[in-house]
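Hi,

Here is the structure I promised to pass on. Have a look, and my notes follow below.

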Amino acid sequence: MADKRDFYEVLGVGRDASTDEIKKAYRQQAKKYHPDLNPGNEEAEKKFKEANEAYEVLSDSDKKAKYDQFGHAGVDPNFGSGFGYGGAYDFDLGDIFNSFFGGGFGGGFGKEDPKAPQRGTNANANITISFEEAATGCKKTVETQRIERCDECDGTGAKKGTSPETCPDCKGKGHVSAQQRTPFGVISTSRECSKCAGKGKIIKEPCDKCKGIGMVRKTVKIAVNIPAGIDDGQVISIRSEGNHGINGGPNGDLRVSINVRPHPFFERDGYDVWCDITVTFAQATLGSEMFVPTLEGRVKYDLPAGTQPGTVFRLRERGIPHINGRSKGDQFVKIIVDVPKDLTEEQKELLRKFDDELTDKPIAFTEGPMAPNKKNIFDKIKDNIKGEK
């Protein structure tokens with residue numbers, strides 16, 4: 001752990017950096033150290049992976065909060081023994097039901113029958129994938145915590161070798177009846193049994209592992225199929241992989257929030273992809289055969305002669321696949337013309353001769369009748385209309 005650099009330092013941002021600032025800083029680092037731009041450079045590859053790890057944590061609000069509080073120990077699952085029984089962290093087992101089921105045994109379940117089957121609540125997880133993985137789909141393993149039946153007592157809550165006993169007050173019904181005389185006669189009422197909290201059972205010797213709750217919190221790893229075309233911020237729901245149900249009720253679902261790392265070259269717009277391609281002045285003027293990077297590899301494109309800076313051309317169906325559909329978006333390529341710098345005197349002279357030979361020149365707003373600091377014929381007509389001299 002000691003040899004890991006601070007994630008904020010890796011991306012070159014302050015601890016108060018916004019989400020957009022973190023994203024922008026990552027794109028700069030990723031583009032600088034991308035393996036495609038630094039073939040065979042092990043140091044660049046190392047820094048690229050380092051930037052990916054930093055962005056994965058700082059772009060996730062939950063992981064960022066843990067990192068800000070505990071440093072690398074808060075986001076590294078291999079650090080310490082984690083959250084679990086017998087681990088480095090201690091917590092109230094009754095809090096399991098407060099956070100996952102809306103209440104604990106003894107506190108009741110609102111107006112619901114504590115003995116009735118109840119569906120488990122949903123568990124939540126986050127996963128970060130690359131731009132390419134979001135476009136093509138992938139299989140990932142997500143790690144999360146969820147509530148499961150205690151394997152020590154098989155969910156009974158009673159110590160191994162013992163069993164819960166029927167409540168002597170309610171005789172296992174979970175509620176007791178009472179009668180009250182009123183001026184209108186005898187009224188019978190039913191209320192939750194206070195001795196067993198409506199469960200109908202009493203545990204005299206609680207399980208050492210779950211402390212009588214019958215449920216424990218566990219860290220599990222679950223395989224997730226991420227469909228092609230998934231976008232940043234979307235959520236995948238995996239049925240029955242959430243928190244365990246109560247009294248035989250079904251399990252909840254696992255909701256996986258998808259975080260997509262920005263790409264150093266491509267920008268996503270719905271199902272379309274945009275990128276910039278830089279060409280030389282000569283290529284734009286004379287035309288050129290060039291190869292354009294796409295999500296499926298490079299494709300050949302014939303750049304027409306006389307292409308102007310800022311021209312955008314389209315590569316059909318080279319974008320992002322529609323989720324659960326057959327069609328794909330397009331790729332749009334914007335042409336950036338590289339203006340040469342630091343020319344030699346000979347090169348400058350050649351350009352001057354080239355410029356002198358041009359017959360169709362754009363108007364230069366420096367000297368002449370159309371100069372901004374001089375009035376043209378239209379200005380003079382306006383002046384005459386206004387009676388100005």
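A term first: contact here means heavy atoms within 4.5 Å. This is a predicted model, where local features need pLDDT of at least 70 and side-chain atom pairs count only at pLDDT 80 or more, while totals for chains, interfaces and linings use all residues. Numbering runs from 1 along each chain as its sequence is written, and side-chain values use heavy atoms, with hydrogens and water left out.

Helices (H or I, at least four residues) and strands (E, at least two) are DSSP runs, numbered from the N terminus.

Let's start with helix α2, residues 19-33. Buried (under 20% relative accessible area, 1.4 Å probe, protein chains only) are Ile22, Ala25, Tyr26, Arg27, Ala30 and Tyr33 of α2. These pack against α1 (7-11), α3 (42-58), α4 (61-70) and β10.

In α4 you'll find Lys64. Is Lys64 buried or exposed? Lys64 is buried, because its relative accessible area is 16%. Beyond neighbours within four places in sequence, Lys64 touches Tyr8, Arg15, Ile22, Val57 and Leu58.

Now the sheet. Strands pair if DSSP finds at least two bridges between them. Four strands make an open, mixed sheet, ordered β10-β11-β15-β14. At the edges sit β10 (267-269) and β14 (312-315), each pairing on one side only. Inside the sheet, β11 (272-280) and β15 (331-338) run parallel over eight bridges, and Thr278 has Ile336 of β15 as its bridge partner.

Cheers

Note on methods: Buried < 20%, exposed > 50% of the residue type's maximum accessible area, 1.4 Å probe, protein only.
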